[in-house]
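Please look over the sequence and the structure below before reading on.

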Amino acid sequence: MILVGVDGSRASLEAVGWAVREAGLRGTTLRIVHVMPAWPMEMTEDAPYADVGRWMRDGATSTLTDALDRAREEDGGVEVESLLLPGDPRLALMEAAGDADLLVVGSHGLGGFRGMLLGSVALGVSGRTACPVAVVRDLPAGSRGEVVVGVDGSPEGAEAIGFAFAEASLRGVGLRAIHAWSRPVAGCGPFALPAAEEMAQGERRLLSEALAGWGERHPDVKVTEQVEHAHPVDVLREASAHADLLVVGSRGRGELTGLLLGSVSHSLLHHAACPVVIVRQQP
């Protein structure tokens with residue numbers, strides 16, 4: 001099952017369209033969820049401000065109706081259901097996604113400030129939800145024929161590789177596996193730095209080892225390996241302009257313990273030129 005959160009914004013309706021197509025590829029169901037404060041759902045008709053509560057419930061119903069209409073526009077033969085939940089949108093979506101294969105949200109919602117590149121809900125659920133989270137932004141006009149995955153050798157990166165291979169296979173497109181690295185600053189430690197070419201060979205080996213075995217599981221996927229001596233955000237952001245989907249782990253090898261979302265994945269959620277999927281390491 002795929003779960004998509006909606007709030008009536010244009011971005012959330014675009015997320016619904018994307019989620020329907022994804023559900024069609026996977027042959028699974030789609031559940032559309034809208035979250036509203038608990039008190040309008042619990043109040044009685046004779047309670048103070050009952051008319052306000054009624055207005056909010058009507059608005060929530062309208063939001064779900066619009067989202068269902070958007071889902072039907074795709075006409076992908078996908079079974080779609082809707083659900084209204086009480087509470088905080090971030091917490092409610094994370095809990096509702098407990099039995100989901102994928103949680104889908106728009107890049108920003110109705111409550112975002114003008115000019116913000118990422119909404120609080122999208123940022124709040126990314127890296128915190130048990131299942132992968134797709135943040136839908138800058139939808140390509142048509143298929144670009146490629147899924148991009150960032151590879152860094154971390155456990156989260158390994159989970160992202162598996163997800164990316166499966167997506168490329170479902171979509172019938174190629175997979176570009178990118179590993180970007182930076183040379184340590186000279187003088188930052190007591191040991192001599194390896195030669196540049198020696199370091200480059202080690203980084204190419206890291207990518208090859210990370211991909212080992214996945215080609216046998218997905219022989220239909222053509223893989224392009226790309227190793228760059230540059231900052232990962234810059235390389236992956238550029239690659240996203242030519243991709244249908246960008247897949248990254250929630251945090252990499254260099255992130256501090258306790259972080260739920262690393263700096264690279266955080267930056268790409270703001271600046272990628274295609275939908276982004278954040279994949280956590282499964283317990």
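What follows covers a strand, an aromatic pair, salt bridges and a surface patch.

This is a predicted model, in which local features need pLDDT of at least 70 and side-chain atom pairs count only at pLDDT 80 or more, while totals for chains, interfaces and linings use all residues. Residues are numbered from 1 along each chain as its sequence is written, and side-chain values use heavy atoms, with hydrogens and water left out.

5 of the 5 residues of E6 are buried, so the strand is largely enclosed by the rest of the structure. Buried here means under 20% relative accessible area, exposed means over 50%, and partly exposed is in between, with a 1.4 Å probe and protein chains only. In a regular strand, side chains alternate between the two faces of the sheet. On one side of E6 lie Glu 146, Val 148 and Gly 150, on the other Val 147 and Val 149, and all of these are buried. Strand E7 (residues 174-181) runs parallel to E6 and is joined to it by 5 bridges; two strands pair if DSSP finds at least two bridges between them. Gly 174 of E7 is the bridge partner of Glu 146.

Which aromatic rings pair with each other? The whole structure holds 1 aromatic pair. Phe 165 and Trp 214 make up this pair, which is stacked, at 6.0 Å centre to centre and 20° between the planes. Phe 165 belongs to helix H6 (residues 155-171) and Trp 214 to helix H8 (residues 214-217), so the contact ties together parts 49 residues apart in sequence. Rings of Phe, Tyr and Trp (its six-membered ring) pair if their centres lie within 6.5 Å; planes under 30 degrees apart count as stacked, over 60 as edge-to-face and the rest as tilted. Both Phe 165 and Trp 214 are buried. The charged end of Arg 217 sits over the ring of Trp 214, 4.1 Å from its centre (the rule asks for NZ of Lys or CZ of Arg within 6 Å of the ring centre and within 35 degrees of the ring normal).

Salt bridges come next. Counting each side-chain nitrogen of Lys or Arg within 4 Å of a carboxyl oxygen of Asp or Glu, the total is 13 salt bridges. One of them joins Glu 74 to Arg 21, at 3.0 Å from N to O. Glu 74 lies in helix H3 and Arg 21 in helix H1 (residues 10-26), so this pair ties together parts 53 residues apart in sequence. Glu 74 is partly exposed at 24% relative accessibility, and Arg 21 is partly exposed at 37%.

Glu 22 is buried, at 2% relative accessibility. Its side chain meets that of Arg 26 in a salt bridge (2.8 Å, N to O); Glu 22 and Arg 26 are 4 residues apart in helix H1, about one helical turn. Glu 22 also forms a salt bridge with Arg 171, with the closest N and O atoms 3.2 Å apart. Arg 171 lies in helix H6 and Glu 22 in helix H1, so the pair ties together parts 149 residues apart in sequence. A network of salt bridges that share partners joins Arg 21, Arg 70, Glu 73 and Glu 74.

Finally, the surface. Trp 39, Tyr 49, Val 52 and Trp 55 form a nonpolar patch there, with about 530 Å² of accessible area together. Patches are made of residues with over 30% relative accessible area and no salt bridge, joining like charges within 9 Å and nonpolar side chains (Val, Leu, Ile, Met, Phe, Trp, Tyr) within 5 Å; accessible areas come from the Shrake-Rupley method with a 1.4 Å probe, and for residues only the protein chains shown count as cover. Tyr 49 is in the loop between helix H2 (38-42) and helix H3 (50-74), and is exposed, with a relative accessible area of 65%.

Conventions:
Helices (H or I, at least four residues) and strands (E, at least two) are DSSP runs, numbered from the N terminus.
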